[in-house]
Amino acid sequence: MVNYKLIQVENPEKGADQFYQLIKEELENDRLHVLGLATGSTMIPVYKKLTESQLDFSNVTTFNLDEYVGLQATSPNSYAFFMNDHLFSKKEFKETNIPNGMAENLEEECKRYEEALQKAGLDIQLLGVGENGHIAFNEPGTSADSVTHVAELTDSTLGVNSQYFENDEKIPNTALTMGIASILSAKKLVLLAFGEKKRPAITKFLEGKVDPDWTITYLHDHKDVTIITDLTI
Ligand code: GLP
């Protein structure tokens, strides 16, 4: 049984419009209090659309999917910096949360983060996808019952993501990330995938079976998934 909705759009900007409409409706119907956020170039038009809108997020708490280990929030390469730059400095939220990759005890930080997000309860989780099919930093082979954890990044992810690194800073090979179970605990999942480089991941997802080597396919275990893509399938 197909349990997802596929929205095909012409380009990332049209994809951002679709996401905006969805969020607007959820806010208007008082169904959005806790929003899971994502980073990456895919999210730039999305956050642009939200910041240029009149949407009021002052009653919304956010939880980000992941963060590199060992980068200060002041580093332009950290996800904390990205979020501030693209969204949090421009829109008021009730509260924002990002895993602290500078924590002295990373295991403790993961536990704290998971507890906070389970207590809040995610209404919507926004997702991108890596070229190897990862969601958040759940690399191939991550188990279905994983919660927030320290993840080792694969060479593929390091290669792709290092191209965005500024100032000769070296890309960390570990990150803190929500797990598969954390992500699937959200009431609604919305995944955005733009460009040919995402075709293998979307194709794998559309095959319809869960394959732990393509963690995007775990979305088949959720009953409310929307995929927004500019790929013609
Ligand atoms: C990183 C993030 C993912 C994101 C992926 C894709 O690996 N941890 O959450 O989906 O990048 O990024 P982009 O949107 O730049 O293709």
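Modeller: What follows begins with the helix pair, then turns to the protein as a whole, and ends with several loop residues.

The model is a predicted one, and the values below are computed from it. Two packed helices are described by the angle between their axes and the distance between the axes. Here the pair consists of helix α2, residues 44–52, and helix α3, residues 79–88, whose axes are 9 Å apart and meet at an angle of about 40°. An angle under 35 degrees would count as roughly parallel, and α2 and α3 are therefore described as oblique to each other. On the side of α2 the contact is formed by I44, Y47, L50 and T51, and on the side of α3 by F82, M83, H86 and L87. Of the residues in this contact, six are nonpolar and two are polar, while no charged residue takes part.

The loop that runs between β4 (66–68) and α3 holds S75, and this serine leads from the helix pair to other parts of the chain. S75 has a relative accessibility of 6%, and because buried means under 20%, it counts as buried. Once its neighbours within four places in sequence are left aside, S75 is in contact with F81 and E169.

As for the setting of the pair, the protein contains seven helices and 10 strands. Its radius of gyration is 16 Å, close to the 17 Å that the globule rule gives for 233 residues, so the protein is as compact as a globular protein of that length. The C-alpha trace spans about 40 × 40 × 35 Å along its principal axes. Of the 233 residues, 54% are buried, and the accessible surface comes to about 10900 Å², with 47% of that surface belonging to carbon and sulfur atoms. Among contacts with a separation of 6 or more, 80% are between residues 24 or more positions apart.

D168, however, has a relative accessibility of 81% and counts as exposed.

Two further loop residues are buried. H222 is located in the loop between α7 (199–206) and β10 (225–229), where a relative accessibility of 6% places it among the buried residues. Not counting residues up to four places away in sequence, H222 touches N3, L184, A186, K187, K188 and L189. M178 belongs to the loop between β8 and α6 (180–184), and M178 is buried, with a relative accessible area of 0%. The C-alpha atom of M178 is separated by 28 Å from that of V9, a residue 169 positions away along the chain.

To return to the part you asked about, α2 and α3 form an oblique pair, and the residues of their contact include six that are nonpolar and none that is charged.

Methods. Residues numbered from 1 in each chain as written. Predicted model: local features only at pLDDT ≥ 70, side-chain atom pairs only at ≥ 80, totals over all residues. Heavy atoms only, no water. Axes fitted to C-alpha atoms, helices over the stretch in contact; angles between N-to-C directions. Helix = DSSP H or I, 4+ residues; strand = E, 2+ residues; numbered from the N terminus. Parallel < 35°, antiparallel > 145°, perpendicular 65-115°, else oblique. Contact = heavy atoms within 4.5 Å. Nonpolar A, V, L, I, M, F, W, Y, C, P; charged D, E, K, R; others polar. Rg over C-alpha atoms; globule rule 2.2 N^0.38 Å. Buried < 20%, exposed > 50% of the residue type's maximum accessible area, 1.4 Å probe, protein only. Areas by Shrake-Rupley, 256 points an atom, 1.4 Å probe, with all protein chains shown as cover.
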